[in-house]
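Please keep the structure open as you read.

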Amino acid sequence: MSDLRALSEGELEVTGRLVAASNGTFVGQVVQGSLATECVYKPVRGERPLWDFPDGTLAAREYAAYLVSEAAGWHVVPPTVLRDGPFGVGMVQEWVDVDVDAPQVAVVPADETPDGWFAVVDAVDLDDRPVTLLHRDTPDLRTMALFDAVVNNADRKGGHLLPSDGRVRGCDHGLTFHEEPKLRTVLWGWSGDVLEPGERSRLETLRADVTSGPLCDALADLLAVDERRALTRRIDQLLTSGRMPDPGDRWPTIPWPPL
């Protein structure tokens, strides 16, 4: 049984709640026969109103983010579906057991950036000591940064990066696909870098898929017309510039808290 089929068709049982989450977020499992898949469940009714995103749309945005990731061949979002559950319709996503010994973002004393890491921003800690926010320099994170630019992720914190089994995936994609520029991320290490040929190729394929075919039809049920048009514009802008996104002079460009 595929992950998506299990998530879609299995009986969803809630076993706990993530109390630190800003919206109603539950842990559980989907069970079908003798098979069980651990999952995260975010019902629409548990979403808190936001001033800049329409009410009751975050679950759909999480599912749309998964569809875009898969269509582009990035595979940076765990298997995700939109389905009914004990507390109503919501996003259900496969649980990822995170390798706590492989952090992707860190804060270190200033001027102590190790090899293989990018310095993102300098700051001071609670004791007024100079520190630097870093992230790793890896292909997985570069792919995540490009994905975030496409979906206009307004909340890429370090805690939303999930290292597991030698790869990195991302979670918490409810604040995506806004029609206005809202990219806020800790992954600015490749800012302004020229796109690699493989990255351009995936963007070109995605550009075709979001304007016609199954992905286009699926997104029409999940996002507003203006949001879908903005998605196409962002892909076009990346292809035209030929470069990874740059924070420019927008503010803020790093989410809070960053970790």
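The report below covers a pocket, the cysteines and the aromatic rings of this predicted model.

## The largest pocket

The largest pocket holds about 790 Å³ of space. It is lined by 31 residues, and Ala21, Thr25, Lys42, His160 and Asp172 are the closest to its centre.

Sorted by class, the lining has 15 nonpolar, 8 polar and 8 charged residues. Strand β3 (35–43), helix α2 (58–71) and strand β5 (90–94) each contribute at least two residues to this lining.

## The cysteines

How many disulfides does the model have? The count comes to 0. Cys39 is in no disulfide, and its nearest cysteine sulfur, that of Cys171, is 14 Å away.

## The aromatic rings

The model has 5 aromatic pairs. One of them is the tilted pair of Phe26 and Tyr41, with 6.2 Å from centre to centre and 40° between the planes. Phe26 sits in strand β2 (residues 26–32) and Tyr41 in strand β3, so this pair ties together parts 15 residues apart in sequence. Phe26 is buried at 13%, and Tyr41 is buried at 1%. Ring pairs also link Phe26, Tyr41 and Phe87 into a cluster.

Trp74 and Phe147 form an edge-to-face pair, because their ring centres are 6.3 Å apart and their planes meet at 80°. Trp74 lies in the loop between α2 and β4 (80–83) and Phe147 in helix α3 (residues 139–151), so the pair connects parts 73 residues apart in sequence. Trp74 is buried at 9% relative accessible area, and Phe147 is buried at 0%.

Notes:
Residues numbered from 1 in each chain as written. Predicted model: local features only at pLDDT ≥ 70, side-chain atom pairs only at ≥ 80, totals over all residues. Heavy atoms only, no water. 1 Å grid on protein atoms, 1.4 Å probe; cavity = no way out; pocket = protein on both sides within 12 Å on 5 of 7 lines; lining within 4 Å. Points joined across faces, edges and corners; volume = space filled by probe spheres on them. Helix = DSSP H or I, 4+ residues; strand = E, 2+ residues; numbered from the N terminus. Nonpolar A, V, L, I, M, F, W, Y, C, P; charged D, E, K, R; others polar. Disulfide = S-S within 2.5 Å. Phe/Tyr/Trp six-rings, centres within 6.5 Å; stacked < 30°, edge-to-face > 60°. Buried < 20%, exposed > 50% of the residue type's maximum accessible area, 1.4 Å probe, protein only.
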